[in-house]
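Dear colleague,

I am handing over the structure below, and after it you will find what was found there, with the cut-offs behind each term.

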Amino acid sequence: IILVIGANGQLGSVLTKSLQQKFGKDNVIASDLRRRDSFKGVFEVIDATNRNRIQEIVTKYKVTQIYHLAAILSAKGEETPLNTWEINMKTLFNVLEVSRVSQIDKVFFPSSIAVFGEGAPLDETPNDAYLDPATVYGISKAAGENWAQYYFLRYGLDVRSLRYPGVIGYQSLPGGGTTDYAVDIYHKAVLQEEFTCFLKENATLPMIFMDDAIRATMELMDAPKESISIRTSYNIAGISFSPAEVVAEIRKLYPDFEVQYKPDFRQDIASRWPKAIDDSIAAKDWGWKPEFDLEMITKTMIDKLKEQYKTGSKNLEAL
Ligand code: VAH
């Protein structure tokens, strides 16, 4: 039985559906701060800052795996630094402690390229790069990676983690991230509205298509335990691109697509993140290989979003 914490989020909502497809709807318990009426499956309201509530659900359903997808992201997290730290760490401690006490088989903890700062090489950033994150979100993820490794080394808890690049998908809307421009831009193109980009046109960042990010997560969690050599978090790469490059790709389908660049504080965050990630250890340990390049992402995003706007899909509900 799998418990997903943060099942309403950009990644959590899509991961929940994939887990339901793989394990069956009755074997996946989705949870978040409030129920979404469009959700189909088993749902429990969990505030992950409440350890007893997590324990109660783990006991009630005899949960064997926990995917912890709740966190305050990089941009939003900068508004209230100490609260961001509190929420991101307390929820992780609760998941780790309940998992230790209840002998959970496997735990997934998402990390991010946000753990890298100016001390890491900008290109082909290695898995063992020096981590000096500049956002509270990044600090909490770097700390979380070390706590995950601690629970593995001290208690043998099988916690596994990926450093997601910016995730781009049509199935859900992001909330509070620095890479969210790369989702919003496709919505604006399909709606034939002008797009204002909060990053500079040459701000190249590592990105990944949702379908690749979900597949990476499932492949990591399915890998034999002895093949996992990294117990902090694995670098994974999708495709790196700049706003200018995605605009050029979109203009192949929408020649009149208008864009304005108005960099804000999120440009300061992005400027400290890598441009491209070295994911060779993930490739070696569990066969990671991305499938979607920028052309495929653009075509898929536009086809799917056109369909969703026509049918008034629930995917367009903001978080
Ligand atoms: C954010 N999308 O922008 C998230 C992610 C790589 C960035 O962690 O905060």
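**Contacts of the ligand**

A polar side-chain atom of Ser74 lies 2.6 Å from an oxygen atom of the ligand, a polar contact being a pair of N or O atoms within 3.5 Å. Tyr137 also places a polar side-chain atom 2.8 Å from a ligand oxygen, while for Thr178 a polar backbone atom is 2.6 Å from an oxygen atom of the ligand. Taken alone, the ligand exposes 270 Å², of which the protein buries 96% (areas by the Shrake-Rupley method with a 1.4 Å probe).

Please bear in mind that this is a predicted model, in which local features need pLDDT of at least 70 and side-chain atom pairs count only at pLDDT 80 or more, whereas totals for chains, interfaces and linings use all residues. Residues are numbered from 1 along each chain as its sequence is written, and side-chain values use heavy atoms, with hydrogens and water left out.

The residues surrounding the ligand include Leu73, Ile113, Tyr164 and Trp273, where near means a heavy atom within 4 Å.

**Salt bridges**

Searching the whole structure gives 18 salt bridges, each defined as a side-chain nitrogen of Lys or Arg within 4 Å of a carboxyl oxygen of Asp or Glu. In one of them Glu44 pairs with Arg53, with the closest N and O atoms 3.2 Å apart, and both Glu44 and Arg53 are buried (under 20% relative accessible area, 1.4 Å probe, protein chains only). Asp158 and Arg231 form another, with 2.6 Å between the closest N and O atoms.

Methods:
Polar contact = N/O pair within 3.5 Å; in protein donor to acceptor, adjacent residues only side chain to side chain. Buried < 20%, exposed > 50% of the residue type's maximum accessible area, 1.4 Å probe, protein only.
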